Amino acid sequence: MLRRDLLQLAVQGGAVLLPFGPSAWAAVGESRAAAPPRLVVIFLRGAVDGLSVVVPHADSAYHAARPSIALARPGDDGGVLDLDGRFGLHPALAPLMPLWQAGQLGFVQACGSPDATRSHFDAQDYMESGTPGRKSTADGWLNRLLGVLPPDQAGPAPATRAVSMGPVLPRIYAGRHSVANVPLGAAAGKPTLLDRPQVAEAFGRLYGGDDALSRAFRASRQSHQEVMRSMNGDGLEREMQAASNGAPLPNGFPDNAARLATLMRSDAGVQLAFMDLGGWDTHANQGAASGQLANRLGPLGQGLSAFATRLGPVWEETVVVVMSEFGRTVRQNGNGGTDHGHGNVMWLLGGRVAGGRVHGRWPGLDDAALHEGRDLAVTTDFRQVLVEIGERHLRLQDARMAELFPGFAFRAPGAAQRLMRA
Amino acid sequence: MKARVLAWALACAAFAALPAQAQPASEADALHVLNRLGYGPAPGDLARVRQVGIDRYIDEQLHPERLPLPADLAQRLAALPTAAASQRELITQYREAAQAVKDGGDEARAARREALRQLDIESGQARLWRAARSPRQLEERMVDFWFNHFNVFVGKGLDRVLVGNYEREAIRPYAMGRFRDLLGATAHHPAMLFYLDNWQSVAAGSQPSPGAGPAARASGLNENYARELMELHTLGVAGGYSQQDVTELARVLTGWTFAPRLTTGASVFVFDARRHDRGDKFWLGQRIGDQGQAEGERALDLLALHPATARHLSFQLAQYFVADQPPAALVDRLAQRYLASGGDIRALLQTLFASPEFRSPKVHGQKFKTPYDYVVSSVRATDWPTTDVRPLLGTLRQLGMPLYGCQTPDGYKNTQDAWLNPDAITRRIAFATALASGRLPAAPTPPVDAHVLLATLGGGISPKTRAALAEATPELQAPLALGSPDFMHR
C-alpha cells in the first residue's frame, strides 16, 4: 500500500525514479569517477572543551591547570589514546582510532575565530555566517557554498543537494538557495498525511505562489519524496545494518548519523549535509575519562564511526568537519568545569583528508602564550581550513572563495601542511 | 460550554467597570490585537473585540487581575497535584528519588521515571490550558516571552522538577510589573541558580557552611550566570561590558545559592556569607566594597535601569509584538518610556500598543508564527474540546520547539528566519489536518466544522484561501483553513 502510493506520487510529481535496492548501490559504485565530492558539517553547540578532545598530554602546563579534570597520560588508568607523542585522544573517542590509524582522521589544533567574543550566540553566528565580527551578513556560508559549487553534470540540482538533519534550519544554511531539512529519528522516511494524493493536491493549490511559504512547501514535497525513496529502498536498511555487524545503534546522534549515511549512500545527489549537537557547555563537573563530557563524546565517536562504515564507497568522496564556536578556559574553574575560552580543535574525517596528523601551530599553554592570560590562542583561522577543503576537495576556484568568505585573506597551503591528500 | 458563557459574562462585567466609551473596531484591527496580544481568536472573540473596541481590549489585557479565569479552568489548574508544590518539596523529592535509585535499582528507577513523566505532563497542562483558554491572553504571551528571556532547561538535572515552580513563582507574578522585580525573582530562584551554575560559585579557598548540600564541593568561581545575566537578561551582548566585568560580577554574586535545609519560607534561596568573596570588586567602572548580599542586589538595581538594558528589552519586545526587524524609532521611544517609568513593563507595553508602528495595517498578519503560536492558536480557533495536552507537546517537539526544552539560555527565537523551513510547513499542515479531522492521537473528537471555523477567524482567512476551500471536499475545508499560509501568520 505504502509502496504503491509512493510510486503513484512519484509519477504524479513527474519525478524520475531512482533505482531501488542493491542495484542502487551498484549504480553509485560504478559511477564513482563522476561522483560529486561531499561535505558534512557537524556543529557542537555550546563550545566543546577541545583540550579534552585532543589532549596535550605531554604539556605539563595542561596537567597543572586542571588538577581534577585533566585526562591521564597514555597508558595510565583512564589515560588518553596517544596520537603522536604530543597529543592524545579522549578515551571515549576510541571508536575513532581505526580512522586515525588509517589516516582518515586528522585535527587542526588551536583553531578558531579571529573574533574574541565569549558569547556563544555571537560566536556561533560568526562561525555560521563565515564573517567573524560582522553581524550584518544575512546568509550562512554553507548556503553560499551551494551557489559556488561546480554544477553537477548529471542535470538539475536535486532538492536534496543540501540537507540539514533536524526540525529547524540552522543559521549556516540561511540564504537564497533551497535546503532540505530531514526530521530526526524514524520520522525521516515515513509518509505523512500530505502523502495522500487528495490532501497533497488541495494544499498544492493553496501553496502555488512564489512567496517564501509556497517555495518552502514545494521544496518540502520534493525533498520528502526523495528522502522516502532513499530511506525505503528494498532491503537497504537491512544491508546497512549488516555493514555494522547488525548491532543496533543507540538513539540520538549514532542513529541519526547512520540515517544520514543511508540517505547519502542511496541518494547520489546529496552533496552538503549539516547536523548539530548541543550540551557541550560544561561549566561544572565536566569529568575526565568518565563523566559529563565523556558521556557526550562517546555517542559522537560512535556515530561518526558508524557513519564512515555505512557510507561505504561514498566515504572516499566525503569530508566531515566537526567544529564548535570556541574553546574553553585552560584552567578549570571552581566547580570542576571550564568557562568560555577561545582556541579550539577542529576535526577532519574522510577518505581524502590528510589524517593521522595533528595540524596547526601549537602555541603552548604557558601563561605568556595564552590568549588574554586564560585561553588557548588561535593560530589557524577556521576559514583557512574550510578554504582548503573547498579548494582541494570541492574543487572550487580561488575566485569563488571570496564569495564564500568575503573579506578573508586566505593563503595557499604549503605542501607540508596540506589538510587534504593530493 | 457553560463555563465559557460564564467567563464571558464576567469579562463583560469587567468591561462595564471601565469608564472609557467603547469605540467599535474594524475587523482587521480586532484581528490584529487578538493575534498579537493573544494567541488569536477563539469562537466569538472577534465579534466581542469589534464591539468593545481595541483600546478597551488592550486596556483590559494590560490588567489581567481584573479578568477572572473561567471557573472550570481555575478548578482544573488548582487540582493539578503539583500546582502548589514548594521549591523545598520539589527539590527534596528529587534528591530522595535519586538516592532511592542509587539504593534500590530498577523498581525505584521506573517509579522515578514515571513521576518525572507525570510532572512534565502537568507543567505542560498548566501552561497550555491557560494559553488556550485563559481570557488573560496578554499575560500568557508575557509569561512565554519572559520565560524565554530568562530561559531555564527542563533537561538539566534538578530543573526537571523546578520549571513549573519557576514559571509560577519567578515569572508569572512579575510578567507585567517592574522589570527589577522580575530580574530579582529569577536571580533568587533555584531553577536559575542551578541552570547557570551560580549556586556553586564561591570565593576561592572558602569553607563550606554546614548544611550547604552538594554545593559544598565547590572550590571557586563559576562565571556562567554572571555572563548571561549581562549578555541575555539585561545589557545585551553589545551592552559595553568586558571579560573583566564578567569575572567581577561573578565575584559579586558568590554565595548566592540555595539550601532547602537552611530555609523555612517559600524560597530556598540563601546568601552564604562564608562563601562570598569579600574583596573589592571593580565592575562597570565602579568600586564595590564588602557588603555581602547587598552587592548583588545593587548590581541588579544598576543592571535593571541601565540604558543598554532599556534598549535591549525594547528591541526584543518590539520584535515580539511588531516585526522581526522592528523600527528603530519605536525601539528608541520604548527605551525612553522604560527608563522614565523606572523600568515598568506595563508602561512600556502601553506605549508599544498605542504606537502607530504597532497599529499600522502594514504589520497586520506579517509575523510568522512560532510552533508554539501555531499550536496554541489552532487549539483556540477550533475550541479543541479535550484537555489532553500530550499530542500538543509531541507536536511542539517535532516542530523543534519542545515546551521548556530549549537547552541554551537564550531561549527560543520568534522570527521567521528561525522557524520557516520546508519540513516545518508540511509538519504544520499534518498537525492541522489531524486536529481538524479529530484524529490527533488523543481521545477522538468530532471533526471541526469549517463554517464555524471560518466565522471564528473572519478576515484572517483571505478571499484567495476561501476560494481554494470552496473547491475542496467538505472534510478538507477545515484542515485547509488551519493549514493555510494565512493561518501560519499572526
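Predicted model: local features only at pLDDT ≥ 70, side-chain atom pairs only at ≥ 80, totals over all residues.

Colleague: How many bridges join β5(A) to β10(A), and which way do they run?

Modeller: Five bridges, and the two strands run antiparallel.

Colleague: What else does A:Met346 touch?

Modeller: Leaving out residues up to four places away in sequence, the list includes A:Phe107, A:Cys111, A:Val321 and A:Phe382. A:Met346 is also among the residues with the most contacts inside the largest nonpolar core, which has 254 residues. B:Leu249 and B:Ala481 are in that group too.

Colleague: Which helix gives the largest share of this core?

Modeller: That's α11 of chain A, residues 292–311, with eight residues.

Colleague: Back to β5(A). Why is it largely enclosed by the rest of the structure?

Modeller: Because eight of its eight residues, 105–112, are buried.

Colleague: Which way does β5(A) pair with β11(A)?

Modeller: In the parallel sense, over two bridges, with A:Phe107 opposite A:Val358. β12(A) is joined to β5(A) by two bridges and runs parallel as well; there A:Gly112 stands opposite A:Asp381.

Colleague: New topic: how many residues does each chain put into the contact?

Modeller: Chain A gives 41 and chain B gives 45.

Colleague: And which element gives the most on the chain A side?

Modeller: α8(A), with eight residues. By class, the side of chain A that touches chain B has 20 nonpolar, 16 polar and five charged residues.

Technical notes:
Residues numbered from 1 in each chain as written. Chains lettered and ligands numbered in written order. Contact = placed C-beta atoms within 7 Å. Helix = DSSP H or I, 4+ residues; strand = E, 2+ residues; numbered from the N terminus. Nonpolar A, V, L, I, M, F, W, Y, C, P; charged D, E, K, R; others polar. Core = buried A, V, L, I, M, F, W, Y, C linked by C-beta atoms within 7 Å. Buried ≥ 20, exposed ≤ 12 C-beta atoms within 10 Å, placed from the backbone. Pairing = 2+ DSSP bridges.
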